[in-house]
Amino acid sequence: MTDQFSLAFEPLVPMLWLIVLAVPLIVFIALGFVLGRRGAFIRALAAALLFLAVTNPVVLREERDQLTSIVAVVVDRSQSQEIGERRAQTDEALAELRERIGALPQFELRVDEAGGPSDDSDRTRTRLFESLNALLGDVAPSRVAGAVFITDGQIHDVPDGAAQAGIAAPVHGLITGEPDEFDRRIRLERAPRFALVGQPVELTYRVLSDGKPAGAGGPERGAVDVTIRLNGEEVARQRAFIGEETAASVELPNAGRAIVELDVAEADGELTRANNTAIANIDGIRENLRVLLVSGEPHAGERAWRNLLKSDAAVDLVHFTILRPPEKQDGTPINELSLIAFPTRELFVEKIDEFDLIIFDRYQHRDVLPILYYDYIAEYVRNGGALLVAAGPEYASEQSISRTPLLPALPALPTGEVENAAFRPVLSALGERHPVTRNLDGANAEPPAWSRWFRQIAVQRPRGQVVMNGIDDAPLLVLDRVGEGRVGMLLSDQGWLWARGFEGGGPHVQLYRRMAHWLMKQPELEEERLVASGDGMVLEIVRQSMAEEIPPAIVTGPDGERIEAPLTEDGPGIFSTRLQMKNIGLHRVQNGDMSAIAHIGPLNAPEFADTISTIDTLTSLADETGGTVRRLSDGMPAIAPIKPGTTGSERFVGLRETDETILRSVDRTPLLAGFAGLGAILLLLGGMWWREGR
């Protein structure tokens with residue numbers, strides 16, 4: 001605490017009256033001196049003292065406390081600070097700063113750790129000056145002693161100068177890392193955002209090398225090995241020359257999001273492997289799906305299938321209806337028929353593999369297809385094709401396709417009976433969890449909020465998964481896998497009632513579309529599926545499963561750390577969780593025998609674009625503000641207070657002391673008040689009278 005004295009005036013009358021009083025006094029005193037009157041000097045003193053008494057001079061004594069100077073310390077906790085011994089250097093330097101600055105009472109220390117796992121930012125860039133502004137936002141510039149950055153020098157928001165930084169105090173940098181570091185990294189140059197499934201995808205990359213390898217006389221040169229992975233599976237290896245742009249090619253097997261990894265081999269003595277991988281997210285899209293719809297005798301449900309498939313712009317539909325079966329010969333010459341002949345050989349032999357899905361809608365064997373062609377269809381399914389059978393009464397007849405070589409591919413055999421009764425389709429216990437029928441509109445009501453059907457084909461020994469039941473809980477919709485392909489069987493031809501809105505209709509579009517997409521192996525409709533995706537720094541894991549319970553997921557981060565993540569059931573067959581992750585990069589998720597990968601944070605983030613520690617980023621600003629930049633590997637510098645306007649020294653970290661104080665109390669003492677003031681005035685007036693009397 002210090003005392004400061006000052007003189008102030010508190011006039012007893014308004015300023016105007018002071019002026020009115022001062023003018024005649026000045027004239028009176030001036031005339032006395034001009035005319036040489038005796039006692040002019042004493043008169044002047046008496047008049048001045050009288051005027052001074054009216055102005056009421058007061059002595060003020062202020063008690064003030066010296067304010068502390070604020071020292072801002074910004075600690076870089078970004079991922080690049082996890083490399084090597086940088087974290088240990090940072091922790092040691094911070095501890096010493098706290099101790100040394102804490103021993104100086106004129107300074108107040110403020111610390112902010114930026115870029116760490118608890119930081120709200122996305123951790124893709126090291127933004128230390130944002131933290132500095134937050135620390136000093138409520139501090140007057142005159143109270144700022146200086147700023148100290150503990151960092152590896154890889155800062156992405158360094159301002160152009162002190163004015164832009166908003167700081168007039170010394171800026172110091174304490175740099176972690178070593179001066180002779182070496183690192184190899186890979187950078188993606190060009191990659192498409194979308195690509196066609198089954199077509200080569202071209203992308204380019206460049207392998208870069210920073211610093212000098214141990215024992216080398218110059219920068220790294222030559223060729224290195226690059227591994228190319230698609231969704232975590234290795235698909236190719238190639239050689240790339242350092243510094244040169246290199247092309248790579250991959251082929252997406254399925255529609256949906258695909259992650260392409262380009263991984264360069266680790267070099268001896270390099271700083272980190274965190275930037276040895278470049279990531280490209282590519283969305284696979286299919287060319288138009290080719291669907292062959294073969295209808296038997298015309299019926300009301302045929303149009304429902306046709307309208308659904310024709311309404312999808314992504315489907316190329318080939319539709320044939322058997323209007324004139326062989327037994328209906330009426331003698332009309334072929335060249336006079338308006339309809340074309342069924343191109344059986346072209347469709348089922350020459351081009352069968354070009355179709356993504358074959359639909360038999362109430363089709364029966366009537367020698368339109370040679371018996372051998374059914375074997376071709378069964379082989380098509382076993383090799384990865386998709387077959388959907390929408391069965392009607394003909395499936396239970398003597399002309400049923402179950403009596404052909406297609407039998408091994410069919411999931412259910414007819415009993416020969418056709419049930420004609422009103423019933424409402426319901427989901428089986430399996431169907432409530434299956435992606436094809438799960439959460440169908442109206443399925444959660446009791447009974448389901450959709451219309452009745454009136455016919456069902458009885459079957460025996462169904463194979464595969466029964467996801468919908470009909471009359472007396474008999475199988476209504478059966479889904480099965482045959483070899484590499486898939487088969488679906490709808491054991492009723494009454495779905496058109498939903499399409500026509502009978503009794504309110506039903507979700508025929510949902511059901512038909514999901515059946516078709518499941519048969520064509522749409523990833524979203526797989527019964528067992530694990531999906532991992534990144535949303536900022538949040539990892540979202542979604543598991544589809546037919547099981548009622550699943551084990552926790554195991555997440556492996558880019559640093560190799562493994563964590564266990566329990567999954568919560570969100571609904572029948574759906575389990576998920578969301579995790580706040582601390583590191584940018586590729587995360588691998590394992591759940592049972594299924595695995596998935598997800599990239600957290602933006603792809604190829606600037607945080608790992610360059611990991612070599614450097615003093616260059618802060619040098620210009622430090623020189624301008626009178627600060628210093630030095631490596632911690634050379635030792636921790638001393639801390640020294642400096643006066644405002646004084647420049648620092650290379651030998652120590654200079655922190656500016658402030659002249660600012662805070663007022664605690666004020667004592668006021670009037671000079672001419674009381675008996676002392678009255679006595680002085682009377683003394684001068686008496687002296688003036690005495691002098692005049694002589």
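Tutor: What follows starts with the salt bridges, goes on to a sheet and a hairpin, and ends with the surface patches.

This is a predicted model, in which local features need pLDDT of at least 70 and side-chain atom pairs count only at pLDDT 80 or more, while totals for chains, interfaces and linings use all residues. Residues are numbered from 1 along each chain as its sequence is written, and side-chain values use heavy atoms, with hydrogens and water left out.

The structure holds 39 salt bridges, each defined as a side-chain nitrogen of Lys or Arg within 4 Å of a carboxyl oxygen of Asp or Glu. One of them joins Glu 354 and Arg 290, with an N to O distance of 2.8 Å. This pair links distant parts of the chain, 64 residues apart: Glu 354 sits in the loop between helix H7 (344–350) and E17, and Arg 290 sits in strand E15. Helices (H or I, at least four residues) and strands (E, at least two) are DSSP runs, numbered from the N terminus. Glu 354 is partly exposed at a relative accessible area of 41%, and Arg 290 is partly exposed at 26%. On this scale, buried is under 20% relative accessible area, exposed is over 50%, and partly exposed is in between (1.4 Å probe, protein chains only).

Strand E15 (residues 289–295) pairs with strand E17 (residues 357–361) in the parallel sense over 5 bridges; two strands count as paired if DSSP finds at least two bridges between them. Within this pairing, Val 291 has Leu 357 in E17 as its bridge partner. Both strands belong to an open sheet of 8 strands with mixed pairing, in the order E16-E15-E17-E18-E24-E23-E22-E20. Its edges are strand E16 (315–321) and strand E20 (426–427); each has a single partner strand, so one side of each is left without a neighbour in the sheet.

Another salt bridge joins Glu 189 and Arg 206, whose closest N and O atoms are 3.0 Å apart. Glu 189 belongs to strand E7 (residues 182–190) and Arg 206 to strand E9 (residues 200–211), so the pair ties together parts that are 17 residues apart in sequence. Arg 206 is buried, with a relative accessible area of 19%, whereas Glu 189 is partly exposed at 28%. Both residues are part of a salt-bridge network that also includes Arg 187, Arg 190 and Glu 245.

Arg 87 and Glu 82 form a further salt bridge, with 2.7 Å between the closest N and O atoms. Arg 87 is partly exposed at 44% relative accessible area, and Glu 82 is partly exposed at 38%.

Elsewhere, strands E31 (residues 585–591) and E32 pair in the antiparallel sense over 7 bridges. The two form a hairpin with 2 residues between them, and Gly 592 in the turn has a positive phi of about 65 degrees. Leu 586 has His 599 in E32 as its bridge partner. Strand E32 (residues 594–600) is mostly covered, with 6 of its 7 residues buried.

A patch is made of residues with over 30% relative accessible area and no salt bridge; like charges are joined within 9 Å, and nonpolar side chains (Val, Leu, Ile, Met, Phe, Trp, Tyr) within 5 Å. Accessible areas come from the Shrake-Rupley method with a 1.4 Å probe, and for residues only the protein chains shown count as cover. Lys and Arg count as positive and Asp and Glu as negative, leaving out His and the chain ends; each charge is placed at NZ of Lys, CZ of Arg, CG of Asp or CD of Glu.

Arg 303, Arg 306, Lys 310 and Arg 500 make up a positive patch. Helix H6 (residues 302–311) gives the most to this patch, with 3 residues. Arg 306 is found in helix H6 and is partly exposed at 35%. A negative patch is formed by Glu 85, Glu 178, Asp 180 and Asp 634. Of these, Glu 85 lies in the loop between strand E3 (69–76) and helix H3 (86–102), and Glu 85 is exposed at 58%.
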